[in-house]
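Hi everyone, thanks for coming.

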Amino acid sequence: MRIGLLGTGPWARSVYAPALAGHPGLEFAGVWGRRPEAAAELAQRYDGTPYADVDALLADVDAVAVALPPAVQAPLAVRAARAGRHLLLDKPLALSVADARAVAEEAERAGVASVVFFTARFQKEPQAWIEEQAALTGWFTARAQWLGAVFTTDSPFAASPWRQEKGPLWDLGPHALSVLMPILGDVTRVVTAGRGPGDTVHLILDHAAGASSTVTLSQTVPPAAAGTAYELRGTSGVTVMPAASEDATVALTRAADALLACAETGRPHPCDASFGLRVTEILAAAEARLSADPE
């Protein structure tokens with residue numbers, strides 16, 4: 001499968017480009033970016049072609065990987081699907097339900113494969129743990145915490161305008177939902193959403209399997225307090241998701257494996273654009289609850 005990369009930012013440079021260029025089942029065509037000079041530099045690093053025009057890249061590939069802000073990703077994903085190109089997308093799929101639905105509907109209409117890169121779903125230990133817990137019943141409650149220090153360190157993502165505007169709900173919330181929903185079922189209700197110190201967001205969610213979950217998200221914790229944790233409690237006892245031994249580049253390689261498999265078999269992946277749409281719907285509902293009670 002011949003694949004092109006849309007995007008030249010830190011995530012594209014550190015994860016997407018090396019994973020795609022190094023994948024044995026992919027032919028890395030090159031890069032398009034909103035900054036032509038950055039696209040040229042990144043393409044050259046991996047012996048690819050810098051594309052000045054998105055349509056020129058689409059005409060030259062079978063699939064695209066998108067490492068762009070979600071508001072930019074969504075319309076380009078629709079454009080790529082309309083051209084019959086398979087989609088390796090990032091989270092969140094979009095920043096509005098309408099935009100996310102457009103991607104999911106166009107991918108379905110065009111019959112293209114789609115995989116949204118929720119990191120933990122493609123890391124060996126977390127993925128195995130999620131599958132193991134999803135096979136069990138009787139979960140009573142769950143706790144998810146993603147406490148980041150993006151804005152309290154020199155993180156390369158601190159300059160991201162969409163992260164500054166939308167905060168941890170939209171940046172980190174997709175990760176939490178992607179772990180909780182396969183185990184506890186769909187979110188049937190955002191019970192409440194509130195704010196804590198800094199940019200911290202707290203959610204209480206009801207799930208289809210009867211359990212409830214609490215989610216705490218932040219990008220502004222002190223560096224010493226940063227970390228992630230997922231805990232489940234139920235009739236099987238207490239279990240905590242293990243840490244991943246694989247970095248994001250390895251995880252993206254696994255996501256590319258999944259895209260190849262879906263394109264070959266025609267079977268959808270659990271993390272396809274439709275799942276990305278559902279995550280967007282839940283985030284939008286949580287954002288509405290925050291807006292209704294901003295304090």
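**Starting with helix α1**

Let's begin with α1, which has twelve residues and reaches 16 Å from its first C-alpha to its last, close to the 16 Å expected at 1.5 Å a residue. Before I go on, please keep in mind that this is a predicted model.

So which residues of α1 are buried? They are Ala 12, Val 15, Tyr 16, Ala 17, Ala 19 and Leu 20. If you know your helices, here's a handy reminder: an α-helix has 3.6 residues a turn, so residues three or four places apart point the same way.

Two of those names come back when we look at the nonpolar core. The largest one has 96 residues, and those with the most contacts inside it are Leu 5, Tyr 16, Leu 20, Leu 87, Leu 88 and Val 103. Take Val 103: setting aside neighbours within four places in sequence, Val 103 is in contact with Ala 74, Ala 77, Val 78, Leu 87, Leu 89, Leu 93 and Ala 273.

**Aromatic rings**

Now for the rings. How many aromatic pairs does a search of the whole structure find? The search turns up six. One of them is Trp 11 with Phe 157, an edge-to-face pair at 6.0 Å centre to centre, with 70° between the planes. This pair links distant parts of the chain, since Trp 11 is in helix α1 (residues 10-21) while Phe 157 is in the loop between β7 (139-147) and α7 (161-171), 146 residues apart. Is Trp 11 buried or partly exposed? Trp 11 has 23% relative accessibility, so it counts as partly exposed; the cut-off for buried is under 20%.

Next, find Phe 118 and Phe 275. Their ring centres are 5.4 Å apart and their planes sit at 75°, so this pair is edge-to-face too. Phe 118 lies in the loop between β6 (114-117) and α6 (124-134), and Phe 275 lies in helix α10 (residues 273-292), so the pair ties together parts that are 157 residues apart in sequence. Both of these phenylalanines are buried.

Trp 11, Tyr 16, Phe 117, Phe 122 and Phe 157 form one aromatic cluster.

Phe 117 takes us to β6, where both faces are covered. Ser 114 and Val 116 are on one side, Val 115 and Phe 117 are on the other, and all are buried. Strand β5 (residues 86-90) pairs with β6 in the parallel sense, over four bridges. To see one of those bridges, find Leu 89, whose partner in β6 is Val 116.

Leu 89 also touches Gln 73, a residue of helix α4 (residues 70-82). Gln 73 is buried, with a relative accessible area of 1%. Leaving out neighbours within four places in sequence, Gln 73 is in contact with Val 66, Leu 68, Leu 89, Asp 90, Pro 92 and Leu 93.

**Helix α7**

Over to α7, which is mostly covered, with eight of its eleven residues buried. Among them are Trp 162, Arg 163, Lys 166 and Trp 170. What covers the buried residues of α7? The list includes α4, α8 (173-184), β9, β10 (212-218) and α10.

**Two hairpins**

Last stop. Strands β8 (residues 187-195) and β9 (residues 201-207) pair in the antiparallel sense over seven bridges. In this hairpin there are five residues between the strands, and one of the things to spot is Gly 198, which takes a positive phi near 60°. Arg 195 has Val 201 in β9 as its bridge partner.

Also in β9 is Ile 204, which counts as partly exposed because its relative accessibility is 33%. Beyond neighbours within four places in sequence, Ile 204 is in contact with Arg 189, Val 190, Val 191, Thr 192, Ser 213 and Thr 214.

The other hairpin joins β11 to β12 through two residues. Four bridges join β11 (residues 227-234) to β12 (residues 237-240), and the strands run antiparallel. Look for Glu 231, which stands opposite Val 240 in β12.

Technical notes
Residues numbered from 1 in each chain as written. Predicted model: local features only at pLDDT ≥ 70, side-chain atom pairs only at ≥ 80, totals over all residues. Heavy atoms only, no water. Phe/Tyr/Trp six-rings, centres within 6.5 Å; stacked < 30°, edge-to-face > 60°. Buried < 20%, exposed > 50% of the residue type's maximum accessible area, 1.4 Å probe, protein only. Contact = heavy atoms within 4.5 Å. Pairing = 2+ DSSP bridges. Expected span 1.5 Å × (residues − 1). Core = buried A, V, L, I, M, F, W, Y, C linked by side-chain atoms within 4.5 Å.
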